[in-house]
Amino acid sequence: GGRDYGQSILRLNQDLTVTDYFTPYDQNQTSLADLDLGVNGAMLLPGTTLAVSGSKAGNLYIVNRDNMGGYQADNSQIVQAFSPARGFMHSTPIFWNGPDGLIVYIWSERDYPKAFSFNGQRLDTTPVLTGQVTTEGMPAGILSLSADGNRPGTGIVWGTHMLGQDPRGIGVLHAFDAAVYPDGVMREIWNSEMNPERDEVGIIAKFNPPVVANGKVYVASFSNVLDVYGLLPATAPDVPNRGETLGTDTPP
């Protein structure tokens, strides 16, 4: 409380005055171990007064936005806290309110992407979906989601991460089916390394989620290009022109 909210979820007025907050009970220990809360944003769950956020310790916290509880010795002031991730969670959780209900997706360091169902009050602590692709390290999987409302078969989870331990910082973009299957496997639809000559992300811009707009997926890079992915026409070339840079007459 007071002026030090270094490991907290805050509710602010429009003048940026703190009106309520939550701070984990173990904030001192996790701060000393560099496992703090605050590396990702708070996601608001639709139709509720709840917000979800994660931490480097691999914890998820669900707080009531109308009564966040401040600081207490055991986290009993919040709706839920559990540890679904193996490593640092740098990406804000995402959700799809689709045909399988409201599903929350995460992807931490050295772990698979996972999805958890929401029953209207809490998240089920056992994932309903687990992917088969692991991240090798920082910055974990940075996620976005696209869908045609709640129409079945349209939900796609987009995720970027570092490609292995590549010293150049080359990244990869994945597309996963967001639907919940009986076998609990999150199916991969496509990734940018299936045809790297054409689709390579380049040096990934860490912590930047893919942006989906107008049927395209935009991925930031430090390779002096903005990668734009979409459905290819039947006559599309296998290898694009990567010799041009942003700001020239010819787009990259």
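This is a predicted model: local features need pLDDT of at least 70, side-chain atom pairs count only at pLDDT 80 or more; totals for chains, interfaces and linings use all residues.

Biologist: Thanks! How many salt bridges does the structure hold?
Modeller: The structure holds five salt bridges. One of them is between the side chains of Asp111 and Arg86, at 3.6 Å from N to O. Asp111 sits in the loop between strand 9 (101-106) and strand 10 (114-117), while Arg86 sits in the loop between strand 7 (80-82) and strand 8 (94-98), so this pair ties together parts that are 25 residues apart in sequence.

Biologist: Is Asp111 buried or exposed?
Modeller: Asp111 has a relative accessible area of 1%, and the cut-off for buried is under 20%, so Asp111 counts as buried.

Biologist: And what about Arg86, buried or exposed?
Modeller: Arg86 is exposed, with a relative accessible area of 59%.

Biologist: Which salt bridge do Asp111 and Lys114 make, in terms of distance?
Modeller: Their side chains meet at 3.0 Å, N to O. Lys114 is buried, and Asp111 is too.

Biologist: Why would such side chains pair up at all?
Modeller: In general, side chains of opposite charge can pair when their charged atoms come close.

Biologist: Switching topic: where is His174 found?
Modeller: His174 is in strand 14, which covers residues 171-177. With a relative accessibility of 5%, His174 counts as buried, because the cut-off is under 20%.

Biologist: Which polar contacts does its side chain make?
Modeller: The His174 side chain makes a polar contact with the side chain of His161 at 2.9 Å. Another polar contact, of 2.5 Å, joins the side chains of His174 and Glu188.

Biologist: What else is His174 in contact with, leaving aside neighbours within four places in sequence?
Modeller: Besides His161 and Glu188, the list has Trp107, Val133, Val157, Trp158, Gly159, Trp190 and Asn191.

Biologist: Which residues line it?
Modeller: The lining of the largest cavity is made of Gln7, Pro24, Asp26, Thr30, Leu35, Asp36, Leu37, Ser55, Asn59 and Tyr61. By class, that lining has four nonpolar, four polar and two charged residues.

Biologist: And how much space lies in the second largest pocket?
Modeller: About 200 Å³. Twelve residues line the second largest pocket, and those nearest its centre are Asp4, Gly6, Gln7, Thr23 and Gln27.

Biologist: Which helix gives the most to that lining?
Modeller: Helix 1, residues 27-32, gives the most to the lining of the second largest pocket, with three residues.

Biologist: Last one: how do the lining residues of the second largest pocket divide by class?
Modeller: They divide into eight polar, two nonpolar and two charged residues.

Technical notes
Residues are numbered from 1 along each chain as its sequence is written. Side-chain values use heavy atoms; hydrogens and water are left out. On a 1 Å grid over the protein atoms alone, a cavity is a set of points where a 1.4 Å probe fits but cannot get out, and a pocket is an open set with protein on both sides within 12 Å along at least five of seven lines; lining residues have an atom within 4 Å of a point. Grid points are joined across faces, edges and corners, and a volume is the space filled by probe spheres set on the points. Helices (H or I, at least four residues) and strands (E, at least two) are DSSP runs, numbered from the N terminus. Ala, Val, Leu, Ile, Met, Phe, Trp, Tyr, Cys and Pro count as nonpolar, Asp, Glu, Lys and Arg as charged, and the others, Gly among them, as polar. Buried means under 20% relative accessible area, exposed over 50%, partly exposed in between (1.4 Å probe, protein chains only). A polar contact is a pair of N or O atoms within 3.5 Å; within protein, one must be able to donate a hydrogen and the other to accept it, and residues adjacent in sequence count only if both atoms are side-chain atoms. Contact means heavy atoms within 4.5 Å. A salt bridge is a side-chain nitrogen of Lys or Arg within 4 Å of a carboxyl oxygen of Asp or Glu.
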